[in-house]
Amino acid sequence: MEEYDSYRGGSRVSRVKPDNTRRNEYLKNAEKRKEEERALKVEAVNKDFRWLKMLLKRQAPCPYFAEKGVPELYQWAELFTGETTMGKLTGQFTAIKLVDLAQWKFKGIQRIYPELGAKTFRKGLDTSGACFPVPCRQPVNGEDIYVMEAPADAGMSYKLTEAYSVAAMYADNIPNIAAVLRELCPDSAIILVADNDQYGDAPNKGVEVCETTLRATPGRTFMIIPQFDDDAKERLYKDVTDYVSAYGEQAGANFLKSWRGGAGE
């Protein structure tokens, strides 16, 4: 108040000149980190691409997908095989080729180790917008398109419906994939197949993500959710391949085609 009264009386008031040195240094370091992250993402894709050229295409069923009920998957999509002898994961693996649907560009690989029951991406790989389509081609406007999380589920969906099926690889990527598909295929029916993550105290993420995507996706968009009896729930079943394992392929086909009844449009 004394300084204010002095100012009102006509005296000059000294002002503190802000020192932006620390702020500028912070912004500079933040931009540097972003550049490093972008470089790591690009290098991860490049490394995967170089690695892919050294792998062999699968000419026989992958044990992991055979166990999931889709031994034929290698005939419909690009699967590769290789072996690692160093690192945390070693042994024979199946490599899944991921693509960017919008530009049909290579986006990296996921390695599946059947004997270890493990799946992994290269460190630094940006999987946002990456997906695994079955069959391995770009979508065609007007055709029915199923979208789900797992590659095995996409394989089962194609096996039972012969419709284009896309694995988004994880729940939070489903909105990205659905948005690209709707832009590419404005006349297609997009069917979101939710994982029924109904176990424990956590929210049912598989259903919640698909519900949000359903509301955000214009055009003919549907959602279906697998429902399980008590015996299946004891086994923590949640997705399409689980549904087929519990009730058979005909029941799985009926479930996948149930969107035609109009529910969820």
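## Aromatic pairs

Phe228, Tyr237, Tyr243, Tyr247 and Phe255 are joined into a cluster by ring pairs. Rings of Phe, Tyr and Trp (its six-membered ring) count as a pair if their centres lie within 6.5 Å; planes under 30 degrees apart are called stacked, over 60 edge-to-face, and the rest tilted. The model is predicted: local features need pLDDT of at least 70, side-chain atom pairs count only at pLDDT 80 or more, and totals for chains, interfaces and linings use all residues. Residues are numbered from 1 along each chain as its sequence is written, and side-chain values use heavy atoms, with hydrogens and water left out.

The structure holds 11 aromatic pairs. Tyr64 and Phe65 form an edge-to-face pair, because their ring centres are 5.0 Å apart and their planes stand at 80°. Tyr64 has a relative accessible area of 17% and is therefore buried (buried means under 20% relative accessible area, exposed over 50%, partly exposed in between, with a 1.4 Å probe and protein chains only). Phe65 is buried as well, at 1%. Phe222 and Trp259 make a tilted pair, with 4.7 Å from centre to centre and 55° between the planes. This pair links distant parts of the chain: Phe222 is in strand β10 (residues 221–224) and Trp259 is in the segment after α10 (249–256), 37 residues apart. Both Phe222 and Trp259 are buried. Helices (H or I, at least four residues) and strands (E, at least two) are DSSP runs, numbered from the N terminus.

## Surroundings of Ser188

Ser188 sits in the loop between α6 (174–184) and β9 (190–193). With a relative accessible area of 0%, Ser188 is buried. A polar atom of the Ser188 side chain lies 2.7 Å from the backbone oxygen of Glu143. Apart from neighbours within four places in sequence, Ser188 is in contact (heavy atoms within 4.5 Å) with Val140, Asn141, Gly142, Glu143, Ile145, Arg182 and Arg220.

## The cavity

Rolling a probe the size of a water molecule over the atoms shows where empty space is left. On a 1 Å grid over the protein atoms alone, a cavity is a set of points where a 1.4 Å probe fits but cannot get out, and lining residues have an atom within 4 Å of a point. Grid points are joined across faces, edges and corners, and a volume is the space filled by probe spheres set on the points.

One cavity of 30 Å³ or more is found in the whole structure. The largest cavity holds about 40 Å³ of space. Its lining consists of Ala77, Glu78, Lys97, Val99, Phe132, Pro133 and Cys136. Strands β3 (91–100) and β6 (130–134) each supply at least two of the lining residues. Five residues of the lining are nonpolar, none polar and two charged (Ala, Val, Leu, Ile, Met, Phe, Trp, Tyr, Cys and Pro count as nonpolar, Asp, Glu, Lys and Arg as charged, and the others, Gly among them, as polar).

## Backbone exceptions

Most residues other than glycine have a negative phi, and most peptide bonds are trans. The peptide bond from Val134 to Pro135 is cis, with omega near 0°. Pro135 is placed in the loop between β6 and β7 (145–148).

Glu162, not a glycine, has a positive phi of about 60°. Glu162 belongs to the loop between α5 (151–161) and β8 (164–167), and counts as exposed at 67% relative accessibility. Met169 also has a positive phi, near 80°. The loop between β8 and α6 contains Met169, which counts as buried at 14% relative accessibility.

Key: Polar contact = N/O pair within 3.5 Å; in protein donor to acceptor, adjacent residues only side chain to side chain. 1 Å grid on protein atoms, 1.4 Å probe; cavity = no way out; pocket = protein on both sides within 12 Å on 5 of 7 lines; lining within 4 Å.
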